[in-house]
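New notebook page. I want to jot down what I look up in this structure as I go, one topic at a time.

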Amino acid sequence: MERECNLLAECEPQIRQRLAAGELRYLVEWWEDDALEIDENHHLLFIYTDQTAHEFALFQEVEAKCVSLLAEFGIEWTPGFKSTFDSNILYPPALRGQKFYTPDGKRRADLEL
């Protein structure tokens, strides 16, 4: 958990800059199949227009900071919970609520990076 908190703190200035510049292409909430050996199966993936990305495992503290950060840029998000593999597009608004990944874990072919 500490590693993810430190990673978010380190990346936060760049994320803010990129959000302010309109460089966010997709924001995806996704879940791994829950298992005892997984500390946290919940993730948030930022994909930018240049195809680079930031990804965070959503421990409670990281999740709270991400909710706050996104709200500053007009992206409302209430973190969800799933115990099986799934995904949910949060941004762009036109795709909100749709799946990002297919059931076999691949990005949907119709979504351009």
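**Entry 1: R18 and E23.** I began with the side chains of R18 and E23, which are joined by a polar contact of 2.7 Å. This is a predicted model, so I read every distance as one taken from a prediction. The pair also turns up as a salt bridge, with the closest N and O atoms 2.7 Å apart. Side chains of opposite charge can pair when their charged atoms come close. Is R18 buried or exposed? I looked it up: R18 is buried, at a relative accessible area of 9%. E23 is partly exposed, with 26%. R18 sits in helix α1. Leaving out residues up to four places away in sequence, R18 touches E23, L24, Y48, D50 and T52.

**Entry 2: other salt bridges.** How many salt bridges does a search of the whole structure find? I got seven. One of them links E12 and R16, whose closest N and O atoms are 2.9 Å apart. These two are four residues apart in helix α1, so about one helical turn separates them. E12 is partly exposed at 21% relative accessibility, and R16 is partly exposed too, at 27%. D86 counts as buried at 14% relative accessibility, while K82 is partly exposed at 31%.

**Entry 3: helix α2.** Next I checked α2, which runs over residues 60–72. Its 13 residues reach 19 Å from the first C-alpha to the last, close to the expected 18 Å. Which residues of α2 are buried? My list reads V62, C66, L69 and L70. They cover an arc of only 95° around the axis, so they are on the same side of α2. I looked for what covers these buried residues, and the cover includes α1 (2–20), β1, β2 (42–48) and β3 (53–57). After α2 comes G74, and I wrote down its positive phi, near 75°.

**Entry 4: the cores.** I turned to the largest nonpolar core, which has 19 residues. Those with the most contacts inside this core are I15, L27, L44, F46 and L70. At least two core residues come from each of α1, β1, β2 and α2. The largest share, five residues, is supplied by α1.

**Entry 5: Y26.** Y26 lies in strand β1, residues 24–31. It is buried, with a relative accessible area of 5%. Which backbone oxygen does the side chain of Y26 reach? I found that of E112, at 2.8 Å. I also checked P92, which is 66 residues from Y26 along the chain, yet their C-alpha atoms are separated by 6.0 Å. With residues up to four places away in sequence set aside, the contacts of Y26 include L45, F46, I47, Y91, P92, L95, F100 and L113.

Definitions and conventions. Residues numbered from 1 in each chain as written. Predicted model: local features only at pLDDT ≥ 70, side-chain atom pairs only at ≥ 80, totals over all residues. Heavy atoms only, no water. Buried < 20%, exposed > 50% of the residue type's maximum accessible area, 1.4 Å probe, protein only. Contact = heavy atoms within 4.5 Å. Polar contact = N/O pair within 3.5 Å; in protein donor to acceptor, adjacent residues only side chain to side chain. Expected span 1.5 Å × (residues − 1). Arc of directions from axis to C-beta. Core = buried A, V, L, I, M, F, W, Y, C linked by side-chain atoms within 4.5 Å. Salt bridge = Lys/Arg side-chain N within 4 Å of Asp/Glu carboxyl O.
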